[in-house]
Amino acid sequence: MNTKIIKPTPFGSVGVIWTVATQKPKIIRVLLARPGLSAEDQASGLYPNARSSSCAEIEAVAAGIKGLLAGEAIDFSLALADLNLCGAFQQRVLRAEYRIPRGSVSTYQLIAGHLGKRNGARAVGNALASNPFPLIVPCHRAIRTDRTLGGYQGGLDMKRALLEHEGIRFDAAGRVECLTLHYTS
């Protein structure tokens with residue numbers, strides 16, 4: 001049985017969908033509000049039978065997500081995220097993205113190269129676009145090669161704010177200003 005917890009944040013509601021696997025809680029999805037679609041509506045549509053409930057571990061993650069969206073420096077463990085729900089390539093992408101440290105960014109192309117897929121920028125972008133664990137896996141740290149933001153499940157305003165909270169600066173055209181990118185050879 002899937003359970004859910006919905007929390008208000010400065011960017012609208014966030015939902016954590018979780019279950020108990022081998023007597024431990026496992027997160028199966030984090031839902032970010034996006035323009036015109038709340039986390040509650042997404043949860044109702046995707047998991048209509050999920051009941052509202054929580055436990056200490058899930059409550060801590062939900063509080064961390066709320067804090068992160070309020071500008072706090074929060075790092076999450078992957079231990080509660082059920083990565084087994086993702087395909088092998090997406091797992092590799094999510095793990096690579098997870099290793100990008102706070103205050104750093106990389107490009108979809110550099111991540112693809114790091115994974116041995118030199119021409120796989122689009123595949124990396126697609127894997128991150130369907131990241132079931134946004135914020136836990138900080139996919140906001142991936143940008144386009146031209147240093148524009150690319151996409152983000154929670155919208156570009158949220159992506160930019162998250163990067164700004166981490167100290168990333170932007171030029172007048174909205175491109176990321178940084179001297180080095182993570183996964184640069």
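Modeller: By the rule that a disulfide is a pair of cysteine sulfur atoms within 2.5 Å, the count comes to 0 disulfides.

Biologist: How do you know that C86 is in no disulfide?

Modeller: The nearest cysteine sulfur to that of C86 belongs to C139 and is 11 Å away, whereas the rule asks for a pair within 2.5 Å. Likewise, C139 is in no disulfide, and its nearest cysteine sulfur, that of C86, is 11 Å away.

Biologist: What makes C86 count as buried?

Modeller: Buried means under 20% relative accessible area, exposed over 50%, and partly exposed in between, with a 1.4 Å probe and protein chains only. C86 has 8% relative accessibility and therefore counts as buried. C139, at 5% relative accessibility, counts as buried too.

Biologist: On what kind of model do these values rest?

Modeller: This is a predicted model, in which local features need pLDDT of at least 70 and side-chain atom pairs count only at pLDDT 80 or more, while totals for chains, interfaces and linings use all residues. Residues are numbered from 1 along each chain as its sequence is written, and side-chain values use heavy atoms, with hydrogens and water left out.

Biologist: Why is V124 called buried?

Modeller: V124 has a relative accessible area of 0%, so V124 is buried. V124 lies in helix α5; helices are DSSP runs of H or I with at least four residues, strands are runs of E with at least two, and both are numbered from the N terminus.

Biologist: Which residues are in contact with V124, leaving aside its neighbours within four places in sequence?

Modeller: Contact means heavy atoms within 4.5 Å, and V124 has such contact with F89, V93, Y108, I111 and A112.

Biologist: How do you know that the span of helix α2 is close to the expected one?

Modeller: The expected span is 1.5 Å times one less than the number of residues. Helix α2 (residues 56-69) has 14 residues and reaches 20 Å from its first C-alpha to its last, close to the 20 Å expected.

Biologist: Which residues of α2 are buried, and what covers them?

Modeller: The buried residues of α2 are I58, V61, A62, G64, I65, G67, L68 and L69. Their cover includes β1 (3-9), β2 (12-21), β3 (24-32) and α6 (156-165).

Biologist: What follows α2?

Modeller: G71 follows α2, and the phi of G71 is positive, near 105°.
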